[in-house]
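Opening the notebook on a new model today. I'll jot down what I look up as I go.

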Amino acid sequence: MSPAISPDPTVHRLRSRGARVTSARVAVLDVLTRSDRALTHREIEDGLAGMRVDRVTVYRVLEWLTSEGLAHRIADDDRVTRFSAAGDSEHAHAHFKCGACGGVYCIPTGPALKLRLPAGFRAGEVELTIKGTCAHCAA
Ligand SMILES: [Zn+2]
Ligand SMILES: [Zn+2]
């Protein structure tokens, strides 16, 4: 019996965009998708340990994923840039920063957080960071 080939959702996501599927792209997107919180460049490299993806390639892949809307960049007040996998419809959402562990999480915004802009104002990017304690640290 031959083992069933399970369709890899990450590969599928890249293919469905007509993107060139490289092992580095799949690996980096995979690390981001598997994490429940945003990752720093360093953490992404750690997640790729043993995969022989060099630092420059990681930078390039992150640039590419960001420009393709497959990941987004979160600039923090501590000047650390973190990355998170994002679906196409998740552009406007909030971030939650835990004061205890420093973890940054993407938070989908419900209707309660919809902001009403004055007439004539047009939103570009929305950046909203909630500070507090994450579930891991509050437990
Ligand atoms: Zn925490
Ligand atoms: Zn986010």
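**Entry 1: a glutamate to start with**

I picked glutamate 45 and found it in helix H3. This is a predicted model, so I keep that in mind throughout. Buried or exposed, or something in between, for glutamate 45? I get 17 other C-beta atoms within 10 Å, so glutamate 45 is partly exposed; buried would take 20 or more. Leaving out residues up to four places away in sequence, I see glutamate 45 touching Arg55 and Val58. Val58 is 13 residues from glutamate 45 along the chain, and their C-alpha atoms are 7.5 Å apart.

**Entry 2: the whole chain**

I stepped back to count elements and got 5 helices and 6 strands. Read from the N terminus, they go α-α-β-α-α-β-β-β-β-β-α. The chain has 139 residues, and 18% of them are buried. I also looked at contacts between residues at least 6 apart in sequence: 50% of these join residues at least 24 apart.

**Entry 3: H2 against H4**

Val58 turns up again here, in H4, as part of the contact with H2. How do the axes of H2 and H4 cross? Helix H2 covers residues 23-34 and helix H4 covers residues 55-67; their axes come within 10 Å and cross at roughly 75 degrees. That angle falls between 65 and 115 degrees, so I note H2 as roughly perpendicular to H4.

Which residues meet there? From H2 I list Ala24, Arg25, Val28 and Leu29, and from H4 Thr57, Val58, Val61, Leu62 and Leu65. Sorted by type, the contact has 7 nonpolar residues, 1 polar and 1 charged.

**Entry 4: more on H2**

I checked the length of H2. Its 12 residues reach 16 Å from the first C-alpha to the last, close to the 16 Å expected at 1.5 Å a residue.

Next, burial. In H2 the buried residues are Arg25, Ala27, Val28, Leu29, Val31 and Leu32. Arg25, Val28 and Leu29 are also on my list for the H4 contact. What do the buried residues of H2 pack against? I find helix H1 (9-16), strand E1 (39-40), helix H3 (41-47), H4, E2 and E3.

Strand E2 (residues 71-75) and strand E3 (residues 81-85) run antiparallel and are joined by 5 bridges. One pairing I noted: alanine 75 has threonine 81 in E3 as its bridge partner.

**Entry 5: loops around E2 and E3**

E2 and E3 make a hairpin with 5 residues between them, and arginine 79 in the turn has a positive phi of about 65 degrees. Valine 80 is in the loop between E2 and E3 as well. I count 14 C-beta neighbours inside 10 Å for valine 80, so it goes down as partly exposed. Threonine 40 is 40 residues from valine 80 in sequence, but 7.1 Å away in space, C-alpha to C-alpha.

I looked at the loop between H4 and E2 too, where glycine 69 lies. With 14 C-beta neighbours inside 10 Å, glycine 69 is also partly exposed. Alanine 86 is 17 residues away from glycine 69 in sequence and 7.0 Å away in space, C-alpha to C-alpha.

**Entry 6: the other sheet**

What is the strand order here? I read E5-E4-E6, 3 strands in an open sheet with mixed pairing. Strand E5 (104-107) and strand E6 (129-132) are the edge strands with a single partner strand each, so one side of each lacks a neighbour in the sheet. On average, neighbouring strands of this sheet are turned by 25 degrees against each other, direction ignored.

Strand E4 (residues 94-98) runs antiparallel to E5, with 4 bridges between them. Across that pair, lysine 97 stands opposite valine 104 in E5.

Conventions
Residues numbered from 1 in each chain as written. Chains lettered and ligands numbered in written order. Predicted model: local features only at pLDDT ≥ 70, side-chain atom pairs only at ≥ 80, totals over all residues. Axes fitted to C-alpha atoms, helices over the stretch in contact; angles between N-to-C directions. Helix = DSSP H or I, 4+ residues; strand = E, 2+ residues; numbered from the N terminus. Parallel < 35°, antiparallel > 145°, perpendicular 65-115°, else oblique. Contact = placed C-beta atoms within 7 Å. Nonpolar A, V, L, I, M, F, W, Y, C, P; charged D, E, K, R; others polar. Pairing = 2+ DSSP bridges. Buried ≥ 20, exposed ≤ 12 C-beta atoms within 10 Å, placed from the backbone. Expected span 1.5 Å × (residues − 1).
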